[in-house]
Amino acid sequence: MKGLLFVCILLAAAGLAGCNAPSASSASPTTSAASTPSATDGSNKGDFGPPQGEPIHAVLTSPPQVPPPVNRDHPAKVIVELEVVEKELPISEGVTYTFWTFGGTVPGSFIRVRQGDTVEFHLKNSPDSKMPHNIDLHGVTGPGGGAASSFTAPGHESQFTFKALNQGIYVYHCATAPVGMHIANGMYGLILIEPPQGLPKVDHEYYVMQGDFYTTGKYREKGHQPFDMEKAIDENPTYVLFNGHEGALTGDKALAAKTNETVRLFVGNGGPNLVSSFHVIGEIFDTVRPEGGTVVQHNVQTTLIPSGGAAIVEFHTEVPGSYVLVDHSIFRAFNKGALGILKVDGPENLAIYSGKEVDSVYLGDRAEPNLKAVTTAAKAHEAGTLTKDEQIAAGKQLFTGTCSVCHQANGEGLPSVFPPLAKSSVLADDPKRIVQIMLHGLSGKISVNGTEYNSVMPPMTQLTDDEVANIGTFVLNSWGNPGGRITKEEAAAARAANPNATQAEH
């Protein structure tokens with residue numbers, strides 16, 4: 001009897017909750033608006049009835065841009081047309097990779113609809129494609145998320161329809177076997193299903209999506225790099241990137257805002273393997289919708305985004321400067337590429353922050369507006385036409401982040417701490433020694449320009465041979481040093497002479 005009474009109380013409470021639910025136009029952003037399923041084929045998730053008005057063609061955008069808000073008070077039929085394109089694109093400066101894409105970009109085109117909309121989805125596979133593809137949208141209620149209905153051979157088109165029942169930010173990806181390979185080649189994106197009342201107004205919305213990539217060559221090894229299935233199975237990525245390209249959100253491609261503005265980031269994680277620890281250095285998220293859901297968390301420093309998941313983060317800008325987007329599994333940021341920039345312009349506010357800004361400490365070579373000189377040098381080397389001037393230009397850009405923090409941009413070093421590279425007596429005695437020092441490190445006492453230093457330089461084995469050659473050539477031809485040239489082959493020989501370079505002392 002008591003159990004029956006308890007059930008009755010629960011049912012009564014549920015009825016009261018339904019009576020007091022907010023309307024679609026006034027619902028809180030953190031809760032779903034009430035919905036009433038039709039008598040025959042509706043759903044109690046978010047079915048606001050049949051579509052009204054003429055069909056609408058969805059506006060799709062390439063990252064980092066986001067389509068405008070829906071701004072509708074009724075469900076509609078929305079037609080989405082997306083084409084799969086397999087294409088060779090840069091993955092880093094001087095490095096290319098054959099991506100498989102939705103809409104020609106990694107991540108794929110951003111899709112934005114309203115909860116309750118009926119979506120007619122058209123998936124085309126370019127005639128130039130070598131593989132069949134499909135799409136699994138995590139925002140679809142139905143087997144495979146649309147995958148079984150959208151299997152599409154090259155040169156063909158598939159169509160299926162679904163109702164967007166649940167609000168949130170959802171990943172979509174290819175689910176054709178081998179699924180992991182298709183995702184690892186860049187086949188993912190985001191679909192936003194807005195709540196009926198829309199999202200709160202902000203000044204800027206941006207689209208950022210992390211992915212891990214697996215190439216046969218090492219990080220930043222120049223030339224075209226094929227996919228490495230064994231690395232992918234071992235979950236050992238060569239690159240971890242925002243928006244499919246190292247530098248996609250840095251330099252002259254950085255995100256932009258002004259002080260005293262609100263910024264909303266739709267952040268996805270395509271995987272296929274890694275969980276992201278998403279963080280913006282110098283900001284605290286005012287609100288986070290973890291895993292893209294409707295529960296809101298406040299005052300968050302770092303938020304976890306699972307592979308195949310997404311989140312919405314919002315914050316208010318207070319002071320100007322460069323705010324660094326990272327995966328806070330931090331070697332991924334500084335040694336695999338998971339780094340972006342939000343550049344905020346506006347007046348200083350010394351009551352909040354003193355205003356000193358040193359980009360190079362956090363950004364490394366990404367502090368440069370672009371790294372075109374590195375790409376130029378890589379292409380010239382591949383063509384057999386690399387000049388010393390091209391090496392110097394590339395080496396200067398790479399030196400900014402790799403070496404300048406300790407040795408300073410002018411090569412003067414730090415008195416009593418780090419020896420100078422400018423007019424270096426060590427390099428004057430043996431110019432080629434710079435290669436040994438870069439690759440094998442240097443510990444203990446050394447006399448430079450008549451002054452004794454006792455510090456540590458760790459081996460920079462993460463640098464590729466051409467990076468060692470270009471940085472070395474730049475240093476030898478700068479600040480009164482003896483000149484000369486380091487070749488990629490000399491760097492490779494020095495590396496091979498001590499392949500297991502021990503780490504410098506701490």
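This is a predicted model: local features need pLDDT of at least 70, side-chain atom pairs count only at pLDDT 80 or more; totals for chains, interfaces and linings use all residues.
Trainee: In what order do the six strands of the open sheet lie?

Mentor: The order is S12-S10-S14-S19-S16-S17, and the pairing is mixed. Strand S12 (239–242) and strand S17 (297–300) each have a single partner strand, so one side of each is left without a neighbour in the sheet. From one strand to the next, the twist averages 25°; axes here are lines fitted to C-alpha atoms, for helices over the stretch in contact, with angles from 0 to 180 degrees between N-to-C directions.

Trainee: How many bridges join strand S14 to strand S19?

Mentor: Strand S14 (residues 262–271) and strand S19 (residues 309–316) run antiparallel and are joined by eight bridges. Glycine 268, for example, has alanine 310 in S19 as its bridge partner.

Trainee: Which strands are the edge strands of the open sheet of four strands?

Mentor: That sheet has the order S4-S9-S8-S6 with mixed pairing, and its edges are strand S4 (111–114) and strand S6 (136–137), each of which pairs on one side only. S6 pairs with strand S8 (residues 168–173) in the antiparallel sense over two bridges, and tyrosine 172 in S8 is the bridge partner of leucine 137.

Trainee: At what angle do helix H10 and helix H12 pack?

Mentor: Two packed helices are described by the angle between their axes and the distance between the axes. For helix H10 (residues 433–440) and helix H12 (residues 488–497), the angle is about 50° and the axes are 10 Å apart. The contact (heavy atoms within 4.5 Å) is made by Val435, Gln436, Leu439 and His440 of H10 together with Glu490, Ala491, Ala494 and Arg495 of H12.

Trainee: Where in the chain do aspartate 47 and lysine 163 lie?

Mentor: Side chains of opposite charge can pair when their charged atoms come close. A salt bridge is a side-chain nitrogen of Lys or Arg within 4 Å of a carboxyl oxygen of Asp or Glu, and by this rule the count comes to 14. In one of them, the side chains of aspartate 47 and lysine 163 meet at 3.0 Å, N to O. This pair links distant parts of the chain, 116 residues apart, with aspartate 47 in the loop between helix H1 (2–19) and strand S1 (56–57) and lysine 163 in strand S7 (residues 157–163).

Key
Residues are numbered from 1 along each chain as its sequence is written. Side-chain values use heavy atoms; hydrogens and water are left out. Two strands pair if DSSP finds at least two bridges between them.
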